[in-house]
Amino acid sequence: MSLTGTHIGCDTTHCGACTVDLDGKSVKSCTVFAVQANGAEVLTIEGMAAPDGALHALQHAFRETHALQCGFCTPGMIVRASRLLKENNNPTEEEIRFGISGNLCRCTGYQNIVTAILHAAAALRDTPYQEAAE
Amino acid sequence: MAEVEVTLKVNGKTVEAKVEPRLLLVISYGSI
């Protein structure tokens, strides 16, 4: 299929770099057998953007808020975040941190990833993003 | 090892493939 966006990271279900959406659930595809996915619908990072190439709100937010450095975790992180926002369209920072806890990032320290997901959640709800008060 | 036919819908596109049962889903490995 030549879909190279889904990355192999640890190959042991720890890091989340290989996260895809399988029938509405986030799965770490490095430990899902192809036969287990028979008949299923799979969403990878390549399926996130609109057919005309317009970026998904999460992709846009990751770019705008500098939520990636090396980018290796990003495809899995975005696919996971999209499932998280489908389950909860107005998550708190704590809920986001819990929701992406199966996806490891060695570069960013997570803060900008969380910010990006908050931005995307606001954009998807069509409300302006407001920083939480200190 | 015998191959198994699988049908998936990946990013809206239906894909049929013959895979060995031990092959993992990770698409960038070329399983599918």
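A: A term to start with: two residues are in contact if their C-beta atoms, placed from the backbone, lie within 7 Å. In chain A, residues 24 or more positions apart account for 56% of the contacts with a separation of 6 or more.

Q: What should I know about the model and the numbering?
A: This is a predicted model, where local features need pLDDT of at least 70, side-chain atom pairs count only at pLDDT 80 or more, and totals for chains, interfaces and linings use all residues. Residues are numbered from 1 along each chain as its sequence is written, and chains are lettered from A and ligands numbered from 1 in the order in which they are written.

Q: What ipTM and pTM does the predictor give the complex?
A: An ipTM of 0.85 and a pTM of 0.92.

Q: And what is the mean pLDDT of chain B?
A: The mean is 81, and 78% of the residues of chain B reach 70 or more. pLDDT is the predictor's confidence in each residue, from 0 to 100.

Q: How many helices and strands in chain A?
A: Chain A has 4 helices and 3 strands. The pattern along the sequence is β-β-β-α-α-α-α. Helices (H or I, at least four residues) and strands (E, at least two) are DSSP runs, numbered from the N terminus.

Q: What radius of gyration does chain A have?
A: It is 14 Å for chain A, which agrees with the value near 14 Å for a compact globule of 134 residues. The radius is taken over C-alpha atoms, and the globule rule is 2.2 Å times the number of residues to the power 0.38. The C-alpha atoms of chain A fill a box of roughly 50 × 30 × 25 Å along the principal axes.

Q: How much of chain A counts as buried?
A: 44% of the 134 residues. Buried takes 20 or more other C-beta atoms within 10 Å of the residue's own, exposed 12 or fewer, and partly exposed lies in between; C-beta atoms are placed from the backbone.

Q: Which residues of α4(A) are buried?
A: Among them are A:Ile113, A:Ile117, A:Leu118 and A:His119. The buried residues of α4(A) pack against α1 (57-64), α2 (74-87) and α3 (93-99) of chain A.

Q: What span should α4 of chain A have?
A: 21 Å for its 15 residues (111-125) at 1.5 Å a residue, and the end C-alpha atoms are 21 Å apart, which agrees. The expected span is 1.5 Å times one less than the number of residues. Just after α4(A), A:Asp126 takes a positive phi of about 65°.

Q: Switching to the interface. How many residues of chain B are in contact with chain A?
A: 20 residues of chain B, with 24 residues of chain A. The largest share of the chain B side, 6 residues, comes from β1(B).

Q: Which strand of chain A is joined to β1(B)?
A: Strand β3 (residues 41-43) of chain A, by 2 bridges; the strands run parallel. Two strands pair if DSSP finds at least two bridges between them. A:Val42 stands opposite B:Val10, and A:Glu41 stands opposite B:Lys9.

Q: How do β1(B) and β2(B) run, parallel or antiparallel?
A: Antiparallel, with 7 bridges. B:Val6 has B:Ala17 in β2(B) as its bridge partner. The two strands form a hairpin with 2 residues between them.

Q: What is the phi of B:Asn11?
A: Positive, about 50°, although B:Asn11 is not a glycine. B:Asn11 counts as partly exposed, with 19 C-beta neighbours inside 10 Å.
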